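Here are my notes on this one, as numbered points. Have the viewer open while you read.

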Amino acid sequence: MKKHLILFTALFSLLVLACKPDAGSRDISPQKGYVSGTVTDTKGKPIEGAFVFISSTGPYSSGASAHTDNKGHYRIKMDYGAYRIYATFDKQYAGKTYEIQLKPGNADSFSVDDSPIIDFSWVLSGSKPVPLQGYFGGYIGLYQGETNIPKNEVEFTFTASELIDGSVPGGPIVLKPANASVQYLEDLPLGKYSVKAVHKPSGGTARLLALKNKDTGEISASNGAISMEFNPESGGFYRANIEFFER
């Protein structure tokens with residue numbers, strides 16, 4: 001009986017140790033006078049070296065910053081006043097450097113009395129929270145070449161071979177301008193694409209159009225497709241430019 005009790009106690013101790021979370025894997029805890037959090041990528045893994053900064057919302061600009069550690073954690077000391085927080089990191093992709101703006105778990109302002117935990121995540125599309133503007137995805141500038149076809153009768157199909165985070169989407173993305181005066185298609189996840197355009201008039205016959213990549217000069221072959229990547233611009237914006245026309 002004594003041997004059985006000793007064996008049970010030993011097994012129970014091992015089970016407790018196995019189930020106990022490792023100290024390094026715990027979420028960062030709040031600390032008075034600081035804003036803290038964790039930054040993760042699209043797969044939920046920590047991003048090391050992300051730049052996190054706070055900026056005061058008052059009339060006098062002030063702030064502070066930090067970089068995330070190898071667990072994706074950051075902690076920034078605050079003075080008195082109200083702040084908003086932002087985070088970015090640089091991503092090398094296809095020979096270019098993209099400044100990636102990250103999405104906060106809470107975009108509201110805060111103060112030293114709150115000592116909040118605010119996590120950030122990398123998302124590939126969607127609207128950026130106020131006070132940021134625009135989208136997390138890229139913009140496609142649309143240009144009408146030698147044709148009278150209005151933009152809102154053209155359907156664009158974007159088929160990605162790879163996205164910037166290394167993932168592959170489940171299928172093509174089909175976008176059509178809402179009206180003839182539209183200058184951009186918005187919020188396409190960054191990546192490498194093959195693009196086609198089809199004229200789809202109301203009540204008429206669909207017809208393949210020719211395309212030109214205005215950034216590289218590539219003109220579509222008989223299959224109507226061109227390749228497309230986004231170019232990074234300042235402030236976390238990304239743009240590609242395409243022109244459609246009739247042969």
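Leaving aside its neighbours within four places in sequence, which residues is Ser36 in contact with?

1. With contact meaning heavy atoms within 4.5 Å, the partners of Ser36 are Ile28, Ser29, Tyr74, Arg75, Pro116, Ile117 and Ile118. Ser36 belongs to strand 1 (residues 34-40). Its relative accessibility is 0%, so Ser36 counts as buried (under 20% relative accessible area, 1.4 Å probe, protein chains only).

2. A word on the ground rules: this is a predicted model, where local features need pLDDT of at least 70 and side-chain atom pairs count only at pLDDT 80 or more, while totals for chains, interfaces and linings use all residues. Residues are numbered from 1 along each chain as its sequence is written, and side-chain values use heavy atoms, with hydrogens and water left out.

3. Rings of Phe, Tyr and Trp (its six-membered ring) pair if their centres lie within 6.5 Å, and planes over 60 degrees apart make the pair edge-to-face. That rule gives 13 aromatic pairs. Phe156 and Phe244 are edge-to-face, because their centres are 6.1 Å apart and their planes at 70 degrees. This pair links distant parts of the chain, with Phe156 in strand 11 (residues 154-163) and Phe244 in strand 19 (residues 238-245), 88 residues apart. Phe156 and Phe244 are both buried.

4. Ring pairs also join Tyr135, Tyr139, Tyr184 and Phe237 into a cluster.

5. Then the charges over rings (NZ of Lys or CZ of Arg within 6 Å of the ring centre and within 35 degrees of the ring normal). Lys192 has its charged end over the ring of Tyr93, 5.6 Å from the centre, and Lys214 lies over the face of Tyr143 at 5.0 Å from the ring centre.

Methods:
Helix = DSSP H or I, 4+ residues; strand = E, 2+ residues; numbered from the N terminus. Buried < 20%, exposed > 50% of the residue type's maximum accessible area, 1.4 Å probe, protein only. Phe/Tyr/Trp six-rings, centres within 6.5 Å; stacked < 30°, edge-to-face > 60°.
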